[in-house]
Amino acid sequence: MFRIGQGFDVHQLTEGRPLIIGGIEIPYEKGLLGHSDADVLLHTVADACLGAIGEGDIGRHFPDTDPEFKDADSAKLLEHVWQLVKDKGYELVNADCTIIAQKPKMAPYVGQMRERIAELLETSIENINVKATTTEKLGFTGRGEGIASQVAVLLQKKN
Ligand SMILES: Nc1ccn([C@@H]2O[C@H](COP(=O)(O)O)[C@@H](O)[C@H]2O)c(=O)n1
Ligand SMILES: C[C@@]1(CO)OP(=O)(O)OP(=O)(O)OC[C@H]1O
């Protein structure tokens, strides 16, 4: 049996924060704002996985009012979500991720992101695609006010 999930997330860019996307710290003059480390891509992967198993969203599992998750490492949050997926008897078929950012260039970091996400979802790198697009300077992403991401995952029940 197969289950599909999709996720979408946005975080604001601000000065004085590290830029962490896909579990990788990217050198840049700004970082993403959030209650956690604000890793927009790992949040989106987590939301897509939760969607696939019908378990709501990360805000339900890790409320941004809970001090336990202040500055949380989003990799730890995704590990927790992935355990829920495994508890329901599923494994990953593939994940397709899109980062929407005018700047910085993501291409040099996409390989490392794929490796990290593959590690967290206990799969091989071939099953994880990460791509990036600008919005041609249009909208909040185009103005560099924030970064968004979209992720689709497909899960299958283990034999
Ligand atoms: N933050 C980004 C945005 C885009 N890329 C790469 O550039 C290519 C062209 O982007 P367009 O928005 O003009 O289509 C895109 O396909 C990515 O390979 C990037 O690395 N980082
Ligand atoms: C991850 C959590 C929890 O620390 O906080 P944020 O980093 O603000 O992220 P968001 O995607 O807004 O929602 C989920 C939150 O509950």
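Helices (H or I, at least four residues) and strands (E, at least two) are DSSP runs, numbered from the N terminus. One such boundary matters at once: Pro104 sits in the loop between strand 5 and helix 4. Lys103 and Pro104 are joined by a cis peptide bond, with omega about -5°.

This is a predicted model, in which local features need pLDDT of at least 70, side-chain atom pairs count only at pLDDT 80 or more, and totals for chains, interfaces and linings use all residues. Residues are numbered from 1 along each chain as its sequence is written, while chains are lettered from A and ligands numbered from 1 in the order in which they are written.

**The annotated span**

An unreviewed UniProt entry places the feature "domain: 2-C-methyl-D-erythritol 2,4-cyclodiphosphate synthase" at residues 2–155. UniProt positions follow the numbering used here, feature names are shortened, and annotations may be inferred rather than shown by experiment. The span is 30% helix and 32% strand, and its end C-alpha atoms lie 6 Å apart.

**The core**

A nonpolar core is a set of buried Ala, Val, Leu, Ile, Met, Phe, Trp, Tyr and Cys residues joined through C-beta atoms within 7 Å. A residue is buried if 20 or more other C-beta atoms lie within 10 Å of its own, exposed if 12 or fewer, and partly exposed in between; C-beta atoms are placed from the backbone. The largest nonpolar core has 44 residues, of which Val45, Ala46, Cys49, Ala95 and Ile99 touch the most other members. Elements giving two or more residues to this core include strand 2 (19–21), helix 3 (74–87), strand 5 (90–100) and strand 7 (146–157). Helix 1 gives the most, with nine residues.

Contact means C-beta atoms, placed from the backbone, within 7 Å. Leaving aside neighbours within four places in sequence, Ile99 is in contact with Ile21, Leu41, Met106, Ala132, Ile147 and Ser149.

Helix 1 has 13 residues and reaches 18 Å from first C-alpha to last. That is close to the expected 18 Å, which is 1.5 Å times one less than the number of residues. Twelve of the 13 residues of helix 1 are buried. Just after helix 1, Gly54 takes a positive phi of about 70°.

Ile58 lies in helix 2. Ile58 counts as buried because 26 C-beta neighbours lie inside 10 Å. Not counting residues up to four places away in sequence, Ile58 touches His43, Ala46, Asp47, Leu50 and Leu77.

**Around the ligands**

A residue is near a molecule if its C-beta atom, placed from the backbone, lies within 6 Å of it. Ligand 1 is surrounded by Ala101, Lys105, Met106, Ala107, Ala132, Thr133 and Thr134. Ala, Val, Leu, Ile, Met, Phe, Trp, Tyr, Cys and Pro count as nonpolar, Asp, Glu, Lys and Arg as charged, and the others, Gly among them, as polar. The shell around ligand 1 has four nonpolar, two polar and one charged.

Ligand 2 has 13 residues around it, and Gly34, His35, Ser36, Asp64 and Phe69 come nearest. Its shell has six nonpolar, five polar and two charged residues.

Conventions. Two residues are in contact if their C-beta atoms, placed from the backbone, lie within 7 Å.
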